[in-house]
Amino acid sequence: MIPGGGQPNMQQLLQQAQKMQQDLARAQEELAQTEVDGQAGGGLVKATVTGSGELRALKIDPKAVDPDPASIEETVETLADLIVAAVQAANENAQALQQQKLGPLAQGLGGGIPGLPF
């Protein structure tokens, strides 16, 4: 319902929608270029992803690799677990960044945007 019973100004509504669309595109571009980190094993494995979730870098501290060849299978399994945990932590940080950047825009669009986690 329009206060005062008048008709909505369609030009103004279109301008607002275009501005929100531009703001959303700008925020998505910022997310794609912003990098966030996640780590596991007390920093033995670090993963870097973009704010949109693209894996950009993975750093493994040499201390994460057991030099004892008798336990190579265990070392590989532990290292794989650390890598998964670091990437998951980085993606959680990316999702928090998405919420921070896109959340207010999604609310302005009447709730949520299909395909985004909020």
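**Entry 1: aspartate 23**

I began with aspartate 23, whose side chain makes a polar contact of 3.0 Å with that of arginine 26, a polar contact being a pair of N or O atoms within 3.5 Å in which, within protein, one must be able to donate a hydrogen and the other to accept it, with residues adjacent in sequence counted only if both atoms are side-chain atoms. The model is a predicted one, in which local features need pLDDT of at least 70 and side-chain atom pairs count only at pLDDT 80 or more, while totals for chains, interfaces and linings use all residues. I number residues from 1 along each chain as its sequence is written, and side-chain values use heavy atoms, with hydrogens and water left out.

A polar contact of 2.8 Å also joins the side chains of aspartate 23 and lysine 19. Aspartate 23 sits in helix α1 and is buried, with a relative accessible area of 18%; here buried means under 20%, exposed over 50%, and partly exposed in between, with a 1.4 Å probe and protein chains only. I also looked across the chain and found the C-alpha atoms of aspartate 23 and leucine 102 separated by 9.2 Å, although the two are 79 residues apart along the chain.

**Entry 2: helix α1**

Helices (H or I, at least four residues) and strands (E, at least two) are taken as DSSP runs numbered from the N terminus. The 24 residues of α1 reach 35 Å from the first C-alpha to the last, close to the 34 Å expected at 1.5 Å a residue, the expected span being 1.5 Å times one less than the number of residues. At the N-terminal end I found a cap by asparagine 9, with a side-chain oxygen 3.0 Å from the backbone nitrogen of glutamine 11. The buried residues in α1 include Leu24, Ala27 and Leu31.

**Entry 3: the strands**

Strands β1 and β2 run antiparallel and are joined by 6 bridges, two strands being paired if DSSP finds at least two bridges between them. Glutamine 39 has lysine 46 in β2 as its bridge partner. The hairpin of β1 and β2 leaves 4 residues between the strands, and glycine 41 in the turn has a positive phi of about 65 degrees. On β1 I noted a covered face of Val36, Gly38 and Ala40 and an uncovered one of Glu35, Asp37 and Gln39.

β2 also pairs with β3 (residues 55–60), in the antiparallel sense over 5 bridges, and threonine 48 has alanine 57 in β3 as its bridge partner. In this hairpin, again with 4 residues between the strands, glycine 53 takes a positive phi near 95 degrees.

**Entry 4: threonine 50**

Threonine 50 lies in β2 and counts as buried at 0% relative accessibility. Its side chain makes a polar contact of 3.0 Å with that of serine 52. Leaving aside residues up to four places away in sequence, I found that threonine 50 touches, among others, Leu31, Val36, Arg56 and Ala94, contact meaning heavy atoms within 4.5 Å.

**Entry 5: the core**

Last I looked up the largest nonpolar core, which has 16 residues, those with the most contacts inside it being Val36, Val45, Val49, Ala86 and Leu102; such a core is a set of buried Ala, Val, Leu, Ile, Met, Phe, Trp, Tyr and Cys residues joined through side-chain atoms within 4.5 Å. At least two of its residues come from each of α1 (10–33), β1 (35–40), β2 (45–50) and α2 (72–108), and α2 gives the largest share, 7 residues.
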